[in-house]
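Reader: Please walk me through the fold and the aromatic contacts of this model.

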Amino acid sequence: MILFLDVDGVLHPDPAPTRHYFCRLPLLEEILMDYPKVEIVISSTWRLDWAEESEQIDGMKEHFSLALKNRIVGATPDHRRTPSSCAPSGLAGHLREWECMDWLRTYRPAGTPYLMLDDRPWLFRPNNPHLMIVDCDDVFLPGNEAELRSRLASRCG
């Protein structure tokens, strides 16, 4: 099971002062501890702060607890400069979903369960059942916990 994870607007407000960065990460980590089969792929623009994928992964791991560091298995590719004609059918106008699907196709077998946790619905196809949207002002709150747990449980088997 793959969780594609955005940061800004999910783990802290967007924008947020530095002191508030990752303020909601402890709640997310608490939930993920109950789902040990969930692996994390960073889909956030935070991944673009590093040139190489290995640096992206290592850089993002610094923010997570020791228990979850090894569950960060990747970062989505950057298709911002890729011609939209290269996107799979239906994804040309939905950049974040295109990047997530490209990572999934490259690194996991077909049929791998996944969930995308984000605050920007316009980066995904409408009514995508694999997408959980949180409000960018409120970010991931305890009120989102039941929905996330339900979605993870249904995908983790």
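**Sheet and aromatic cluster**

Reader: Is Tyr114 buried or exposed?
Author: This is a predicted model. The relative accessible area of Tyr114 is 10%. Buried means under 20%, so Tyr114 counts as buried.

Reader: What is the bridge partner of Ile2 in E4?
Author: Strand E1 (residues 2-5) and strand E4 (residues 114-118) run parallel and are joined by 4 bridges. Within this pairing, Leu3 has Leu115 as its bridge partner in E4. For Ile2 the partner in E4 is Tyr114.

Reader: Which residue in E2 stands opposite Ile2?
Author: E1 is also joined to E2 by 4 bridges, and the two run parallel. The chain passes from E1 to E2 through helix H1 (residues 25-32), in a β-α-β crossover that is right-handed. The residue opposite Ile2 in E2 is Glu39.

Reader: Which residues of E1 point the other way from Ile2 and Phe4?
Author: In a regular strand the side chains alternate between the two faces of the sheet. In E1, Ile2 and Phe4 point one way, and all the residues on both sides are buried. Those pointing the other way are Leu3 and Leu5.

Reader: Why is the pair of Phe4 and Trp103 called edge-to-face?
Author: The ring centres are 5.9 Å apart. Phe4 is in strand E1 and Trp103 in helix H4, 99 residues apart. Planes over 60 degrees apart count as edge-to-face, and here the angle of the planes is 85 degrees.

Reader: How many residues apart in sequence are the parts that Phe4 and Tyr114 tie together?
Author: Phe4 and Tyr114 form an edge-to-face aromatic pair, 6.2 Å centre to centre with 75 degrees between the planes. Phe4 lies in strand E1 and Tyr114 in strand E4, so the parts tied together are apart in sequence by 110 residues.

Reader: Which residues form the one aromatic cluster?
Author: The count of aromatic pairs comes to 3. Phe4 is buried at 0% relative accessibility, and Trp103 is buried at 2%. The cluster consists of Phe4, Trp103, Tyr107 and Tyr114.

Technical notes
Residues are numbered from 1 along each chain as its sequence is written. This is a predicted model: local features need pLDDT of at least 70, side-chain atom pairs count only at pLDDT 80 or more; totals for chains, interfaces and linings use all residues. Side-chain values use heavy atoms; hydrogens and water are left out. Two strands pair if DSSP finds at least two bridges between them. Buried means under 20% relative accessible area, exposed over 50%, partly exposed in between (1.4 Å probe, protein chains only). A crossover is right-handed if, with the strands pointing away from the viewer, the path from the first strand over the helix to the second runs clockwise. Rings of Phe, Tyr and Trp (its six-membered ring) pair if their centres lie within 6.5 Å; planes under 30 degrees apart count as stacked, over 60 as edge-to-face and the rest as tilted.
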